[in-house]
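Here are my notes for you. Have a look at the model first, then read on.

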Amino acid sequence: MAESERIGVKNCGSCHECPLGQESPDASGTGWRLVASSAGVFLWPLLAALGGSMLGGDQQNGQLVGGILGFGFGAGVAWVLCRLVSSRTKRDTESL
């Protein structure tokens, strides 16, 4: 039985000297990684859609298809980058 279950107290995770603070791993989405992944997930697909619509030419159909394909490409790249940042964060916290 864990110390927190025996005492009946929830772990706040902020106290490093308390045995309750040592039970849970650090949060993976903090600091610059949280900001980068949030901005990447939001901005990268939008910029890729804008670029795709610019490459689509002067016709509206080409711009629409280019924007849709660019957005799909940007969303895929953002997903891969977030997975890489997330897996790196997990490795960093496991090594602590």
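The points below go from confidence and overall fold to a few individual residues.

1. First, the ground rules. This is a predicted model, where local features need pLDDT of at least 70 and side-chain atom pairs count only at pLDDT 80 or more, while totals for chains, interfaces and linings use all residues. Numbering starts from 1 along each chain as its sequence is written, and side-chain values use heavy atoms, with hydrogens and water left out.

2. On confidence (pLDDT, the predictor's own score for each residue, from 0 to 100), the protein chain has a mean of 76, with 60% of its residues at 70 or more. Helix H2 (residues 31–55) does best with a mean of 88, whereas helix H1 (residues 3–7) is lowest at 56.

3. The fold reads α-α-α along the sequence, with three helices and zero strands. Helices here are DSSP runs of H or I with at least four residues, strands are E runs of at least two, and both are numbered from the N terminus.

4. How much of the chain is buried? Of its 96 residues, 16% count as such (buried is under 20% relative accessible area, exposed over 50%, partly exposed in between, with a 1.4 Å probe and protein chains only). Accessible surface comes to about 7500 Å², and carbon and sulfur atoms own 63% of that (Shrake-Rupley method, 1.4 Å probe; for residues, only the protein chains shown count as cover).

5. Among contacts (heavy atoms within 4.5 Å) with a separation of 6 or more, 43% join residues 24 or more positions apart.

6. Cys82 sits in helix H3 (residues 60–94). Setting aside residues up to four places away in sequence, Cys82 touches Ser37 and Val41. The C-alpha atoms of Cys82 and Arg33 are 9.0 Å apart, although 49 residues separate the two in sequence.

7. Ser53 belongs to helix H2. A polar atom of the Ser53 side chain lies 2.8 Å from the backbone oxygen of Leu50. Beyond neighbours within four places in sequence, Ser53 is in contact with Gln63, Gly66 and Gly67.

8. Last, Phe71, in helix H3, is partly exposed, since its relative accessible area is 43%.

Conventions: A polar contact is a pair of N or O atoms within 3.5 Å; within protein, one must be able to donate a hydrogen and the other to accept it, and residues adjacent in sequence count only if both atoms are side-chain atoms.
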